[in-house]
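Trainee: May we go through this structure together, one question at a time?

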Amino acid sequence: MEQTLEFTIDGLPVTAAPGETIMAAADAAGIYIPRLCAMKGLSPFGACRLCTVLVDGRSQSACTQPAAAGMVVENDTEQLQGFRKNLIDMLFVEGNHFCMACEKSGNCELQALAYRFGILAPKYQYQFPQREIDASHPDVLLDRNRCILCARCVRASQELDGKEIAGFVGRGGEKHLAASSGCGFVGTDVAADDAALAACPVGALLRKRVGFSTPIGQRKYDHQPIGCEKELRPEKSSTTSDVQKGVAS
Ligand code: SF4
Ligand code: FES
């Protein structure tokens with residue numbers, strides 16, 4: 001029989017297999033840890049820091065940190081939820097996210113996190129960066145205005161599609177996603193049904209000509225907040241802090 005490790009998250013007992021991350025163990029235990037760059041089936045990347053938890057008092061990203069026996073993990077604290085809320089706020093002003101005109105609205109993880117965290121208006125000043133769109137491919141569109149640099153498309157292309165359609169170029173504020181060809185996505189072997197497109201959590205990498213196909217009211221996050229599918233134990237909601245219940249501030 002495989003050995004299991006025991007530890008706690010917010011005082012609740014959790015078990016993990018050796019090598020399993022805190023996030024995977026939390027998911028299995030019905031405890032939601034917010035995330036954007038992590039996606040089941042892809043290797044961990046540790047870029048967005050939304051999943052930051054305290055492990056024995058030290059901050060760690062839950063998507064990359066393996067669980068260990070006896071560790072004490074804090075996830076749902078006012079401080080951590082405030083930190084996550086600030087990160088989400090910053091993502092909105094760093095890019096150009098006009099939800100009302102975005103094909104991904106209602107199915108967007110960034111938008112759904114904003115709802116979950118009660119973000120109704122930007123806290124920081126918009127930066128309105130100038131970003132280019134790659135519409136070179138007949139079936140695939142990259143709108144960098146909405147790209148949050150999570151690398152889910154990059155990893156999905158490599159790990160699930162067996163391709164290498166894109167990567168990052170530039171540094172700091174200039175860092176952006178670029179097709180792995182000198183002439184944009186039209187020069188790559190990307191296809192509209194690639195896992196890379198499905199992996200994009202926002203409306204940055206899209207199939208052309210299928211926008212707004214799901215009516216309002218039937219979209220993924222119209223009925224339940226993001227993370228609900230992880231929260232298997234209803235009684236857990238009583239420990240969820242106000243900020244994560246979507247209370248506006
Ligand atoms: S295009 Fe989408 S999946 Fe790719 S890095 Fe940007 S936000 Fe992430
Ligand atoms: S989900 Fe862990 S760093 Fe992004």
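Mentor: Helices (H or I, at least four residues) and strands (E, at least two) are DSSP runs, numbered from the N terminus. The model is predicted: local features need pLDDT of at least 70, side-chain atom pairs count only at pLDDT 80 or more, and totals for chains, interfaces and linings use all residues. Residues are numbered from 1 along each chain as its sequence is written, while chains are lettered from A and ligands numbered from 1 in the order in which they are written.

Trainee: Where is Arg209 found, and is Arg209 buried or exposed?

Mentor: Arg209 is found in the loop between β10 and α6 (220-223). A residue is buried if 20 or more other C-beta atoms, placed from the backbone, lie within 10 Å of its own, exposed if 12 or fewer, and partly exposed in between. Arg209 has 10 other C-beta atoms within 10 Å, so Arg209 is exposed.

Trainee: How many of the 8 residues of helix α4 are buried?

Mentor: Helix α4 spans residues 152-159 and is largely enclosed by the rest of the structure. Its buried residues are Arg152, Cys153, Val154, Arg155, Ala156 and Ser157. The number of buried residues in α4 is therefore 6.

Trainee: Which residue stands opposite His176 in β9?

Mentor: Strands pair if DSSP finds at least two bridges between them. β8 and β9 pair in the antiparallel sense over 4 bridges, and they form a hairpin with 6 residues between them. Opposite His176 stands Val169.

Trainee: Which residues of strand β9 point to one face and are buried?

Mentor: The side chains alternate along β9 (residues 176-179).
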